[in-house]
Amino acid sequence: MNLVLAFVPVLLFVIGLQVMDSFKLVHRSAVLAAIAAGAGVALVCVALHAWLEPALAVSAATFSRYVAPITEETLKAAFIGLLIARRRVGFLVDAAVQGFAVGAGFALVENVTYLNALGGAPLVLWIVRGLGTAMLHGATTTIFAIVARTFADRHPDRVLASFAPGLAAAIAVHSAFNHVPLPPVAMTLLLLIALPVLVLAVFQHSEAATREWVVAGLDLDVELLQLVASDAFGFTRFGQYLRRLREQFAPAVVMDMFCLLRLQLELSVQATARLMAREAGLDVPVDADLPSALAELAYLEHAIGRTGLLALKPLQVTSHRDDWHKFLLTQAGTAR
C-alpha cells in the first residue's frame with residue numbers, strides 16, 4: 001500500500017504528459033521502454049553502490065550527497081542520450097515525456113528496495129521518501145532531457161558535447177536535494193509544485209515551436225518536391241550541383257542521388273502531414289507503399305555510400321530531424 005501511494009501519482013503524471021502531447025510524439029511502447037530502462041539502471045546502481053561505497057571509504061552522507069548523484073544521473077542520462085543521438089527524440093515534448101518515464105522506472109525499483117528495508121515505516125515517511133524521491137528522479141532526468149535536446153538542436157554536429165550542460169544541471173539538483181536544505185515535507189511539496197510548473201511551461205513553448213516548424217516545414221517540402229519533379233529542376237542550384245557531381249561519381253550513382261533527394265522529400269511530407277493530423281485528432285492510415293519506400297531509401301543510401309552521402313550534404317534542405325522523420329514513419333508502419 002505504501003508503495004502504491006508513493007508511485008501511482010508519479011505514474012499518473014507520466015500518463016498526463018502523454019495526454020498533453022497533442023502531436024502524440026511518444027508511442028506507448030516507447031514510454032514503457034523508458035520505464036523499463038530506468039528500472040534497469042536502478043538495479044545496476046544498487047550493485048554498483050554496494051561495491052563503490054566501501055571501496056571509497058566515505059560516510060553514507062557523503063556518498064549520498066556527492067557520489068550517488070553522479071552515478072545515478074549519468075546512467076539515467078545514458079538512455080536518453082542514446083535516444084537523442086539515434087534521432088529518436090525530436091522535440092522538447094517527447095524529451096520531457098521519456099525523461100520523466102526513465103526517472104519513474106528508476107524510482108519504482110529504488111522504492112521497492114527501501115520498502116524491503118523499511119516496511120514498517122509510518123505513512124508520512126513514505127509520502128516523503130517515496131513520492132518525493134520519485135518526483136526527484138523524474139525531475140532530474142527530465143531536466144537533462146530538455147537541456148540536452150535544446151543544445152543538440154543548436155549544435156547538431158556536436159551531439160555528445162551537448163549532453164554536458166544537462167547532466168551537470170541534473171547532478172546539481174540531485175545533490176542539492178540530498179543535502180536537504182529544507183525539511184523533508186517542505187522539499188517534497190517544493191518538488192510537487194515546481195516540476196509541474198516547469199513541465200507545463202516547456203510543453204507550451206515546445207508545442208508552439210513544433211507547430212510552427214511543422215507548418216513551415218510542410219510548405220517548404222511540398223514546394224521543393226514540386227520543383228524536383230518539374231522540368232526546371234536542372235536549372236536550379238540543386239540540379240546544377242548534381243550535374244557537377246558527375247565529374248566525381250558514376251552517372252548511375254548521381255541518378256541514385258537524385259532519387260534519394262526526391263524520396264526524402266516525399267517521406268518528409270508524409271511525416272509532417274501525419275503530425276498535423278495527430279494534432280487535429282485524426283488517425284490517418286499510413287501509405288500502403290510506405291514499407292517499400294523505406295526499403296528503397298535504405299537501398300539508395302547503401303548504393304550511394306558514405307562518400308556520396310557526404311557529397312550530398314550541401315543539398316540537405318530540411319533539417320537534422322530527417323532521421324527522426326524516418327523513425328516516425330517506421331513506427332507508424334509497424335503499428336498498422
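This is a predicted model: local features need pLDDT of at least 70, side-chain atom pairs count only at pLDDT 80 or more; totals for chains, interfaces and linings use all residues.
Helices here are DSSP runs of at least four residues, numbered from the N terminus.

**Salt bridges**

Glu 266 and Arg 262 lie four residues apart in helix 9 (residues 251–279), so about one helical turn separates them. Their side chains form a salt bridge in which the closest N and O atoms are 3.5 Å apart. Glu 266 is partly exposed, with a relative accessible area of 30%, and Arg 262 is likewise partly exposed, at 33%.

| Glu 73 | Lys 76 | 3.2 Å |

Glu 73 and Lys 76 belong to helix 3 (residues 60–85), where they stand three residues apart, about one turn of the helix. Glu 73 is buried, with a relative accessible area of 2%, and Lys 76 is buried too, at 0%.

Asp 153 and Arg 149 are found in helix 5 (residues 123–154), four residues apart, again about one turn of the helix. Asp 153 counts as partly exposed at 26% relative accessibility, whereas Arg 149 counts as buried at 3%.

**Charges and rings**

Lys 76, the partner of Glu 73, also has its charged end over the ring of Phe 106, 5.4 Å from the ring centre. The charged end of Arg 154 sits over the ring of Phe 151, at 5.5 Å from its centre. The structure also holds two aromatic pairs.

Definitions and conventions. Residues are numbered from 1 along each chain as its sequence is written. Side-chain values use heavy atoms; hydrogens and water are left out. Rings of Phe, Tyr and Trp (its six-membered ring) pair if their centres lie within 6.5 Å; planes under 30 degrees apart count as stacked, over 60 as edge-to-face and the rest as tilted. A charge sits over a ring if NZ of Lys or CZ of Arg is within 6 Å of the ring centre and within 35 degrees of the ring normal. A salt bridge is a side-chain nitrogen of Lys or Arg within 4 Å of a carboxyl oxygen of Asp or Glu. Helices (H or I, at least four residues) and strands (E, at least two) are DSSP runs, numbered from the N terminus. Buried means under 20% relative accessible area, exposed over 50%, partly exposed in between (1.4 Å probe, protein chains only).
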